Every structure is written in structure tokens, then in C-alpha cells.
Amino acid sequence: MRNNNAGFTLVELVLVIVLLSILSAVALPRFFGRNNFDERVLFDDTLNAVRYAQKLAVATGCQTRVIIALNSYSIIGEKKCDGKNPIFNKNKPVIRHPTTGEEGYQGSQSNITLTASNSTTTFDALGTADSANTISVGNRQITIVAETGFSYDSTP
């Protein structure tokens with residue numbers, strides 16, 4: 001007489017359930033954690049804002065500044081350039097956002113730390129920065145090269 005045992009034993013089923021629960025407790029928060037996503041968004045926004053400030057300075061011939069303060073960034077223009085370019089506000093040195101046209105180009109994220117070695121970086125009409133700067137967004141870094149104004153992801 002032949003005994004045909006097909007299927008899993010109770011021990012095998014319990015072991016699989018235990019392994020899946022450990023995996024879900026350890027690995028899933030890394031895939032679905034919002035903090036990493038928020039950090040990446042603020043990092044990309046900040047890098048794009050720095051690059052836009054440099055390109056705007058070259059295109060308009062007016063100095064632009066990137067200011068890092070209170071976990072946020074903002075871009076302002078040189079006051080004497082007001083009214084010469086529609087991107088600049090006519091009454092104050094505030095730059096209009098390139099996509100929405102709204103006054104002010106700024107950004108922040110409440111749960112992410114945004115700091116810089118120099119709180120202000122100024123780009124001139126040639127696109128060069130007044131000094132080298134390193135901007136930290138959470139665990140990521142943006143480096144600005146003074147001689148060329150080039151900004152890049154320098155995360156170690």
C-alpha cells in the first residue's frame with residue numbers, strides 16, 4: 001500500500017509565515033518610507049533652483065542669489081535689474097517662478113534638514129559663483145564650484 005502525501009506540513013507553513021512577517025517588518029518600511037522620498041524631492045528641487053539661478057544670471061546679465069535659511073531656499077535677483085526682464089518683479093528683487101509665474105522662487109520641506117556652508121551664493125553675469133558652497137539636504141550634498149558656477153550632486 002502506497003501512502004501519497006501531497007502538500008506542506010504545519011511546521012513548514014508556520015515557518016513561511018514567520019519568515020514573511022520578519023521580512024515585512026524589516027524591509028517594507030525601507031521601500032515605502034516617506035522620509036527618503038521627501039529628501040530626494042527637496043534635493044532635486046534645490047539643485048534645480050541653484051542651476052536655474054546660475055542660468056538666469058547669465059541670460060539676464062543680472063546677479064542672482066540663492067539663499068539657504070531656516071531649512072528653505074529662495075532665489076532673489078539684483079535690485080537694479082527690476083523691470084528689465086519679466087522674470088524679475090518690478091518693485092523688489094524677487095524672481096518669478098519659471099513654471100507658474102508666481103512671485104518668488106522658493107522651497108522647503110518640513111521634515112528635512114537643509115543647510116549650507118555659506119548661507120548665500122551669488123551668481124554673476126558670467127555664471128560664476130562668488131564662493132564655493134556645499135548645500136546639505138538631509139544626507140545628500142550639492143556642491144557649487146566658484147570658478148564655473150557648476151553645481152552637482154556630491155553625495156559620498
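Is aspartate 153 buried, exposed or partly exposed, and what is its relative accessible area? In this predicted model, aspartate 153 is partly exposed, with a relative accessible area of 35%.

**Sheet and helix**

- Four strands make up an open sheet whose order is S3-S2-S1-S5, and the pairing within it is antiparallel.
- Strand S3 (105–108) and strand S5 (120–123) are the edge strands, each of them pairing on one side only, while the twist from one strand to the next averages 15°.
- Strand S2, which spans residues 72–77, is joined to S3 by four bridges, the two strands running antiparallel; across this pairing, isoleucine 75 stands opposite tyrosine 105 in S3.
- Helix H3, covering residues 34–60, lies across strand S1 (64–69), S2, S3 and S5, and runs at about 10° to S2.

**Nonpolar core**

- The largest nonpolar core contains 23 residues, and those with the most contacts inside it are Val66, Tyr73, Ile75, Leu114, Phe123, Ile135 and Val137.
- Two or more residues of this core are given by each of H3, S1, S2, strand S6 (133–137) and strand S7 (140–144), with the largest share, nine residues, coming from H3.
- Tyrosine 73, one of the core residues with the most contacts, touches Leu42, Asp45, Thr46, Ala49, Ile67, Ile68, Tyr105, Gln106, Gly107 and Leu114, when residues up to four places away in sequence are not counted.

**Salt bridges**

- The count of salt bridges comes to two, and one of them links aspartate 44 with arginine 40, where the closest N and O atoms are 3.2 Å apart.
- Aspartate 44 and arginine 40 are separated by about one helical turn, because they are four residues apart in helix H3.

Methods: Residues numbered from 1 in each chain as written. Predicted model: local features only at pLDDT ≥ 70, side-chain atom pairs only at ≥ 80, totals over all residues. Heavy atoms only, no water. Pairing = 2+ DSSP bridges. Axes fitted to C-alpha atoms, helices over the stretch in contact; angles between N-to-C directions. Contact = heavy atoms within 4.5 Å. Core = buried A, V, L, I, M, F, W, Y, C linked by side-chain atoms within 4.5 Å. Buried < 20%, exposed > 50% of the residue type's maximum accessible area, 1.4 Å probe, protein only. Salt bridge = Lys/Arg side-chain N within 4 Å of Asp/Glu carboxyl O.
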